[in-house]
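Here are some notes to read alongside the model, written as a colleague would jot them down. Please keep the structure open as you go through the points.

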Amino acid sequence: MKQLLDESGALVLDGELTFDTVPEIYRETSRWLPMNSRFRSVDLSSVTRVDSAGLSLLLDWQASAQLRQRLLQFDNPSLELVRLAALCGADALLGFDRS
């Protein structure tokens with residue numbers, strides 16, 4: 001899994017967001033993400049697979065943003081992620097539309 005914060009403040013994720021990759025992503029991003037005022041959104045268009053660990057990471061990022069009176073936008077989620085979030089009742093927390 002690769003991640004890059006682009007010039008617009010979007011964190012671009014590329015690869016799998018799973019039990020195997022989330023611990024490393026969390027370690028890497030927890031050093032700089034909470035204090036980065038440019039961080040506004042997460043581009044999920046290149047995420048190839050997601051499981052409950054990935055969903056948990058996104059929810060953690062959203063909770064951290066809300067503590068700083070910000071709201072993250074999650075762009076281009078896969079149908080797999082939208083369904084998983086809906087199944088867990090987390091779709092609204094991530095801004096996913098149920099329609």
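**Notes on the predicted model**

1. *Confidence.* Within the protein chain, H3 has the highest confidence, at 95, while strand S1 (residues 2-5) has the lowest, at a mean of 64. These values are pLDDT, the predictor's confidence in each residue, from 0 to 100. The chain as a whole averages a pLDDT of 87, and 88% of its residues score at least 70. Where pLDDT is low, the predicted coordinates should not be read in detail.

2. *How to read the numbers.* This is a predicted model, in which local features need pLDDT of at least 70 and side-chain atom pairs count only at pLDDT 80 or more, while totals for chains, interfaces and linings use all residues. Residues are numbered from 1 along each chain as its sequence is written, and side-chain values use heavy atoms, with hydrogens and water left out.

3. *Layout.* You will find three helices and four strands in the protein chain, in the order β-β-α-β-α-β-α from the N terminus on. Helices (H or I, at least four residues) and strands (E, at least two) are DSSP runs, numbered from the N terminus. Contact here means heavy atoms within 4.5 Å. Among contacts between residues at least 6 apart in sequence, 70% join residues at least 24 apart.

4. *Helix H2.* Which residues of H2 are buried? They are Ala53, Gly54, Leu55, Leu57, Leu58, Trp61, Gln62 and Ala65. These buried residues pack against S2, H1, S3, strand S4 (73-75) and H3. The length of H2 also checks out: at 1.5 Å a residue its 16 residues should span 22 Å, which agrees with end C-alpha atoms 22 Å apart. The expected span is 1.5 Å times one less than the number of residues in the helix.

5. *Helix H1.* The buried residues of H1 are Val22, Ile25 and Thr29. Viewed down the axis of H1, these buried residues fall within an arc of 60°, so they line one face of the helix. The arc is that of the directions from the helix axis to the C-beta atoms. H1 also holds both arginine 27 and glutamate 24, three residues apart, about one turn of the helix. Their side chains meet in a salt bridge (3.0 Å, N to O). Arginine 27 is partly exposed at 47% relative accessible area, and glutamate 24 is partly exposed at 36%.

6. Glutamate 16 lies in strand S2 and arginine 49 in strand S3, so the pair ties together parts that are 33 residues apart in sequence. Glutamate 16 is partly exposed, at 31% relative accessibility, as is arginine 49, at 39%.

7. Glutamine 69, however, has a positive phi, near 55°. Glutamine 69 sits in the loop between H2 and S4 and is exposed, with a relative accessible area of 72%. Asparagine 76 also has a positive phi, near 60°. Its place is in the loop between S4 and H3, where asparagine 76 counts as partly exposed at 47% relative accessibility.

8. *Aspartate 91.* Is aspartate 91 buried or exposed? Aspartate 91 is buried, with a relative accessible area of 3%, and lies in the segment after helix H3 (79-87). The C-alpha atoms of aspartate 91 and leucine 81 are separated by 9.1 Å, with the two residues 10 apart along the chain.

Conventions. Buried < 20%, exposed > 50% of the residue type's maximum accessible area, 1.4 Å probe, protein only. Salt bridge = Lys/Arg side-chain N within 4 Å of Asp/Glu carboxyl O.
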